[in-house]
Amino acid sequence: MTTKAPIYLLLLCVVALAVVPLLWGLSTALKPKGEVVTYPPRWIPRPPTLRNFSVVLRETSMPRYFVNSLLIGLCSVVLTLGVGAHAGYALARFRFPGKHALAFGILATAMIPGISILVPLYALASKVKLYDGYSILVIVCTAWQVPTVMWMLKGFLETVPRELDESALIDGCTRWSAFYRVILPLARPGLAAAALLTFVFVWNDFLIAFTLTVSNSRRVVAVGLYQYISQYGIEWGELMAAVTLALLPVLGMFLALQRHFISGLTAGAMKG
Amino acid sequence: MWRDDDGKGRVLRVVLLVVAVLLAVGGPAHAAAKTTITFWTFLNPEAADPRSKALKVGIEGFMAENPDIEIKTETIHWGKIDGLAIQAAAAGGGPDVLNVYSVQLTKHVNAKTVAPLNVYSEKWYAQNKNDYLIPPKETTYDGKVYALLWETRVWVLWYRQDLLEKAGVKMPQTLDELAKAAQKIGSDRLQGFVVGLSDTQLGAAFVETFEPLLWGAGGSLLDAKGKAAFNGPAGERVMQWIADLARTGGMGKAAAGMNADDILSGVKAGTIGMTFQGSMRVSAARESKDFGSTIRTASVPGFQAGKPTPGLAAGQTLTIGANSKHKDAAWRFIEYFLSPKVQLPFSKAGIVPVRKSVYADPFFQSPEGREVIQWRDYIDKHGRVGRYPEDFAKLSELLARAAQDVVLRNVPVKTALDEAAAKYNAQAGQ
Amino acid sequence: MDRSIGSTPRAFLGRHAQAYLFMLPAILVAGAVSLYPIAYAFFLSLFRTRYLERLAFIGLGNYRQLFADPAFRQNLMHSLTYVFGSLIVVLPFSLGVAILLNQPVKYRAVFRALIILPWVVSQTIIALLWGWLLNPDFGPGMYALERLGAGKVSVFTDTRFALPTLIGVNVWGSYPMAVILLLAALQTIPKELKEAARVDGTSRWQHFAHITLPLVQPTLLVATIMLTLLYFNMVTLVLILTGGGPLGATEVLSLRALKEGFDFWHVGYAATLGIAIFFFNVVFSLLYIRLLRQEALQ
């Protein structure tokens, strides 16, 4: 086995690439107002201050926006995974008339550019009186993510050998319980990935939330951040503090899910 | 996760739980029952900055004096509030009171998002004529008043006093002197003067400089029929001045990619010496620890000494939503907002108030206050409120691009302007 | 090859009913939310409009105008360059990173968490942050370049550099999405296959090319489709970073559609652009699927 050093080195390079620009954001978040933009640019705040964070947490509605985004994100994840896993399984296992057309049709709904359907969506939401509510956001976010999650899970479920379905069915399971008890658990990495992708999509989504809500009590983080870009100039310090805080829930979600990205599950099932 | 015995049942339960949560928590956010009027603005009464605090004082003061009316304020980002208002009005809804930036007013009048307020404003203006800075005719279309300005701002020259002093340069009295001063104070670390030509923000930074200079040179953006007039001799003169600035090093090429936010950052960082920017942003620039205290403002010099460039004035207005069902209540709020009671806290937050009586307050003896008086005088004597066609966004994009052509690709000034004019006229009326 | 049990007519019907039942929620959700709006957008594209009012039915008039518009072709070129330029960089890079993250190293979770951070930040923030970093006057990125002797480079005012810079920032912001997908795919490769190859004595490269790559191919296809759709429809990043400039050098089709619809209020024309984008998305997806299915058959 070759030495691991080059691997660590490469990983560190990628980490640097990913993180250094964000460190600039963090540095800005820790700077007092007058120090934010200087020439030459200074990386270390002198003196560092937590004032921006305290303003964001105590004097703005950001905490409320966090709660909203979390709620909508989690609900969307549950719904999207549920809907997408079922459809993905159907595509991976069954052959039925119109399969390819249906699959492509659903995927095609994800090909519609978001900006084109925002105005009709707004009109539709108003008509069914769901405008400015959580439910419409969850429904729309789910609808936008289901196509890709469906295809993604189709791919993962295809790698789960059919023999497992067969043996479950022989054992007396119905198709449904075979699905829930045997197949899905083996697609855990795929499900974890899909959950993460969906959550981040909803967390960062601006267009949908912006178009379909207007009141402060329903505002989400992405729209809240946008408010820092005012006609009087950008409040960089507070904006970056808010951005840093906004990273935490997603990081948390990632750390919680990433242990599911572990191999060896199929191996276990085959031997057992 | 799915290993339960009752696999399918569990899924169903989760789905039902989700739906139940949504139904319980997620209904549309409605308010309760007294006369509630909705007010859409870009300011956030819960925010900590001085303007927002002044807004909160205004709203709470109104509700205290008018207990039968409740105001529900919606804070909508200033870049999107117009689009949302137009969409809402088209769908039969929209707010009772809408804050409209003067530049966007024509659009709203044409899109029928706002209702005329003559029936209220005529009486009001008759009573307050001598105290109100900006006559309603600036916001009148076809004889109907659609909005009233509650604050104003003017585009002025920002300059770094310390840099001018160090270079031994006198305060520029003409645009030529300004260009020379820019050359003198400029270096590879500092742009002497900047006009932002960026496409972002739809070229607004460029037009805010170009238009008043155009007026000063005797021209205008459009003629009476709405066709492009900016490519006449006046426009050429202004564009040539900008081209020369770039050519002689008074302005760097980087300016071609900057918008108003970038310019503000540049001033704060000390990499920009002079620029024409809005009076409402100066306090933000003065937050800079290193350079804030040496930033000053003055009227924009003109092509001739003694004749400054007209001051480009604009401001926030209040309007009544076209579909409002509580127009009387809406007007009462607007009237309150225009009173000195509300004007004073706002003026301490850096806006130029529109009620003259407010200027008697001792605040205006302070250096900041005296600066506001300077701005007021500039508006009073030389100010013009810009009136923009509804396709102003396209116009400003074309103009910014023409300027980029001139500065970045050395396209001759007349060619660039003529091209922009042709494109504008071709698409106008679409 | 369908080896499902039960080939009696009754089981046959049962099998299909089950399939449709599994598909039903997806059909309902996607249909309810997307069908009406896309139909409406198409409907709108057949009219001349003024704000949100439909003035006159002009059939394919907007489409004719679109094809005659030289800016349309430029926008399309920019979009294609943007999309494929980004894909060429992102896909190999992400695969490499995924493989790295799949290695048994210490603190793997920490590496993974840090490496996906760029994607967790929304497009608006990415644009603002990089716009600042690359500002020639006061940006730290450009400052570092200056100190290294490169002189003052202004990427956003040079038509040669603006689009590549945009692509670079885009790749930075979106590579983690592909990494997550590919990492999950690599994780589902059965251990035996990995071990078998090693026992066999195949070289690392052969192992990669003949075993790993084919197994991640379906996921690679999904990632490619997802990223293509994301890039082709992307608006926010371009809007805030360059606004389409300089001189329209980065004005991609989606940005144009946004401007026409929300800034200029040419709603009918914007709907036409939207349908055009939709059409391209469909074409690309079909092409990808066709392409990769052929490779799989070989």
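Which residue forms a salt bridge with B:Lys341? In this predicted model, the partner is B:Glu65, and the closest N and O atoms of the two sit 2.9 Å apart. B:Lys341 belongs to helix 13 (residues 340-348) of chain B and B:Glu65 to helix 2 (residues 50-65) of chain B, so the bridge ties together parts that are 276 residues apart in sequence. B:Lys341 is partly exposed at 48% relative accessibility, and B:Glu65 is partly exposed too, at 45%.

That pair is one entry in a list of 32 salt bridges over all chains. In chain A, the side chains of A:Arg93 and A:Asp165 meet with an N to O distance of 3.0 Å.

Back in chain B, B:Lys414 bridges to B:Glu236, with the closest N and O atoms 3.5 Å apart. This one links helix 16 (residues 413-427) of chain B, which holds B:Lys414, to helix 9 (residues 233-247) of chain B, which holds B:Glu236; the two residues are 178 apart. B:Lys414 is partly exposed at 39% relative accessible area, as is B:Glu236 at 26%. Elsewhere, salt bridges with shared partners join B:Asp199, B:Lys394, B:Glu397, B:Arg401, C:Glu251 and C:Lys259 into one network.

Now for the contact between chains C and B. Chain C puts in 29 residues and chain B 35, and together they bury about 2,500 Å², 58% of it on carbon and sulfur atoms. The count of salt bridges between these two chains is 2; one of them pairs B:Glu397 with C:Lys259, at 2.8 Å between the closest N and O atoms. There are also 4 residue pairs in polar contact across this interface. On the chain C side, helix 11 (236-241) and helix 12 (253-263) each supply at least two residues, and that side splits into 12 nonpolar, 10 polar and 7 charged residues.

Leaving aside residues up to four places away in sequence, B:Phe230 touches, among others, B:Phe210, B:Leu221, B:Leu395 and B:Leu417.

Note on methods
Residues numbered from 1 in each chain as written. Chains lettered and ligands numbered in written order. Predicted model: local features only at pLDDT ≥ 70, side-chain atom pairs only at ≥ 80, totals over all residues. Heavy atoms only, no water. Contact = heavy atoms within 4.5 Å. Buried area = accessible area lost by both parts, 1.4 Å probe. Salt bridge = Lys/Arg side-chain N within 4 Å of Asp/Glu carboxyl O. Polar contact = N/O pair within 3.5 Å; in protein donor to acceptor, adjacent residues only side chain to side chain. Helix = DSSP H or I, 4+ residues; strand = E, 2+ residues; numbered from the N terminus. Nonpolar A, V, L, I, M, F, W, Y, C, P; charged D, E, K, R; others polar. Buried < 20%, exposed > 50% of the residue type's maximum accessible area, 1.4 Å probe, protein only.
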